[in-house]
Amino acid sequence: CAVSSKNGVREDKPYTFKAHPRVLRLVKKYFKAVSVANNHTYDFGEAVFLDTLNNLKKNLSITKYIVV
């Protein structure tokens with residue numbers, strides 16, 4: 001799921017997901033790890049995906065990325 005307040009071009013598929021960055025405080029409280037490796041990462045395009053990475057880094061204090 002994208003986590004961004006930016007608008008992007010919505011993919012033409014039955015279900016797309018995007019959350020507002022304010023949800024990240026709950027993610028930080030209840031989760032120890034997050035993954036962007038899923039079929040909804042690009043639901044709103046590259047700009048929203050890059051904003052998602054930035055929001056995760058800024059709000060969750062992410063210091064490591066694992067790229068597979």
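Contact here means heavy atoms within 4.5 Å. By that criterion, and not counting residues up to four places away in sequence, T41 touches V36 and F49. The model is predicted: local features need pLDDT of at least 70, side-chain atom pairs count only at pLDDT 80 or more, and totals for chains, interfaces and linings use all residues. Residues are numbered from 1 along each chain as its sequence is written, and side-chain values use heavy atoms, with hydrogens and water left out.

**Overall fold**

The protein has two helices and two strands, where helices (H or I, at least four residues) and strands (E, at least two) are DSSP runs numbered from the N terminus. Along the sequence the pattern is β-β-α-α. The radius of gyration is 12 Å, close to the 11 Å that the globule rule gives for 68 residues, so the protein is as compact as a globular protein of that length. That radius is taken over C-alpha atoms, and the globule rule is 2.2 Å times the number of residues to the power 0.38. The C-alpha atoms fill a box of roughly 30 × 30 × 20 Å along the principal axes. Among contacts between residues at least 6 apart in sequence, 61% join residues at least 24 apart.

**Burial and core**

Of the 68 residues, 29% count as buried. Buried means under 20% relative accessible area, exposed over 50%, and partly exposed in between (1.4 Å probe, protein chains only). The largest nonpolar core has five residues: V3, L24, L56, L60 and I62. Such a core is a set of buried Ala, Val, Leu, Ile, Met, Phe, Trp, Tyr and Cys residues joined through side-chain atoms within 4.5 Å. Leaving aside neighbours within four places in sequence, L24 is in contact with V3, N55, L56, N59 and L60. V27, in helix α1, touches V34 and L60 when residues up to four places away are not counted.

**Loop residues**

T41 lies in the loop between α1 and α2 and is buried, because its relative accessible area is 10%. D12 is found in the loop between β1 (2-3) and β2 (18-19); at a relative accessible area of 80%, D12 is exposed. R22 is placed in the loop between β2 and α1 and counts as exposed, with 53% relative accessibility.

| Pair | Separation in sequence | C-alpha distance |
|---|---|---|
| D12 and Y42 | 30 residues | 11 Å |
| R22 and L56 | 34 residues | 11 Å |
| V27 and K13 | 14 residues | 26 Å |
| T41 and K57 | 16 residues | 16 Å |

**Second largest pocket**

The second largest pocket has a volume of about 170 Å³. Of the 14 residues that line it, C1, V3, S35, V36 and L56 are the closest to its centre. On a 1 Å grid over the protein atoms alone, a pocket is an open set of points where a 1.4 Å probe fits, with protein on both sides within 12 Å along at least five of seven lines, and lining residues have an atom within 4 Å of a point. Grid points are joined across faces, edges and corners, and the volume is the space filled by probe spheres set on the points.

β1, α1 (24-30) and α2 (46-60) each supply at least two residues of the lining, and α2 gives the largest share, three residues. The lining divides into 10 nonpolar, four polar and no charged residues. Ala, Val, Leu, Ile, Met, Phe, Trp, Tyr, Cys and Pro count as nonpolar, Asp, Glu, Lys and Arg as charged, and the others, Gly among them, as polar.
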